[in-house]
Amino acid sequence: MQLIPYLKTTFGLTDDLLVYLEQVSVTKTYEKKAVILDAGHYSRNVFFIEQGLVRMFYYKLDKDITHYFFSEQTFAAGTESVFYHKKSMYGIEALEPSTITLIPFDAIAKLASRSIAMNRLIQTILLQALIGFSTRLQSLQFETAQERYQNLMEQHPNILLRAPLGDIASYLGISQQTLSVIRAQR
């Protein structure tokens, strides 16, 4: 679903707010493996995934680690950049051909000063990030590799069809070999 219809149906934004957001937003298409945002860079945009699958990643010891997956009708952002004007440690990469709308956060913040619906949009973006981070932390701290894999399959059953196994393994915090063993046991 495209950004404007999504915002209208999900948040009930008025036509004047939607027209403004449509004017300041830019929709781009990305090829598979295209880096949308480099880790360690600055971006004040919020990314709305209209179509496709992307991953948020970071580097540790020169190895990229998948932090989270985002699919259709979700928002992704380097929260450090968007909310705190700092370089984000996270990058964003397209895992399949993707259509993404970039919304300048300054435009969202400007509209939020006069619109409760826009404040709900900001809350949604922040809550998606918070829930994603806290779920990931809880999973890595308290679940076995098998439990993490099972939860991923229950919550995102098509992820194995869409994401490379190496990215799934790094998301789960395991090696690709361990992932193969877990999958063979199912």
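Which side chain meets D106 in a salt bridge? The partner is R44, with N and O 2.4 Å apart. Keep in mind that this is a predicted model. D106 counts as partly exposed because its relative accessibility is 48%. R44 counts as buried, because its value is 14%, and the cut-off for buried is under 20%.

Now look at the sheet beside this pair. Four strands form an open sheet in the order 1-8-3-6, and their pairing is antiparallel. Strand 1 (26-30) and strand 6 (74-76) are the edges, each pairing on one side only. On average, neighbouring strands are turned by 30 degrees against each other, direction ignored. Follow strand 3 (residues 45-51) to strand 6: the two pair in the antiparallel sense over 3 bridges. Here I49 stands opposite T74 of strand 6.

Two helices meet these strands. Helix 1 (residues 3-11) lies across strand 3, strand 6 and strand 8 (98-104). Its direction is about 110 degrees to strand 6. Helix 4 (residues 105-112) packs on the sheet and touches strand 3 and strand 8. The angle between helix 4 and strand 8 is about 55 degrees.

How does the record describe this region? The unreviewed UniProt entry annotates residues 28-114 as "domain: Cyclic nucleotide-binding". In the model, that span is 16% helix and 48% strand. Its end C-alpha atoms lie 28 Å apart.

Back to the charged pairs. The whole structure holds 8 salt bridges. One of them joins E96 and R162, at 2.5 Å from N to O. E96 lies in the loop between strand 7 (91-94) and strand 8, and R162 in helix 7 (residues 159-162), so the pair ties together parts 66 residues apart in sequence. Both E96 and R162 are buried.

Another salt bridge runs from R55 to D167, with the closest N and O atoms 3.7 Å apart. R55 belongs to strand 4 (residues 54-60) and D167 to helix 8 (residues 165-172), 112 residues apart. Are these residues buried or exposed? R55 is buried, because its relative accessibility is 4%. D167 is buried too, at 9%. The pair is part of a network of salt bridges that links K33, R55, D64, E93 and D167.

Note on methods. Residues numbered from 1 in each chain as written. Predicted model: local features only at pLDDT ≥ 70, side-chain atom pairs only at ≥ 80, totals over all residues. Heavy atoms only, no water. UniProt positions renumbered as here; feature names shortened; annotations may be inferred. Pairing = 2+ DSSP bridges. Axes fitted to C-alpha atoms, helices over the stretch in contact; angles between N-to-C directions. Contact = heavy atoms within 4.5 Å. Salt bridge = Lys/Arg side-chain N within 4 Å of Asp/Glu carboxyl O. Buried < 20%, exposed > 50% of the residue type's maximum accessible area, 1.4 Å probe, protein only.
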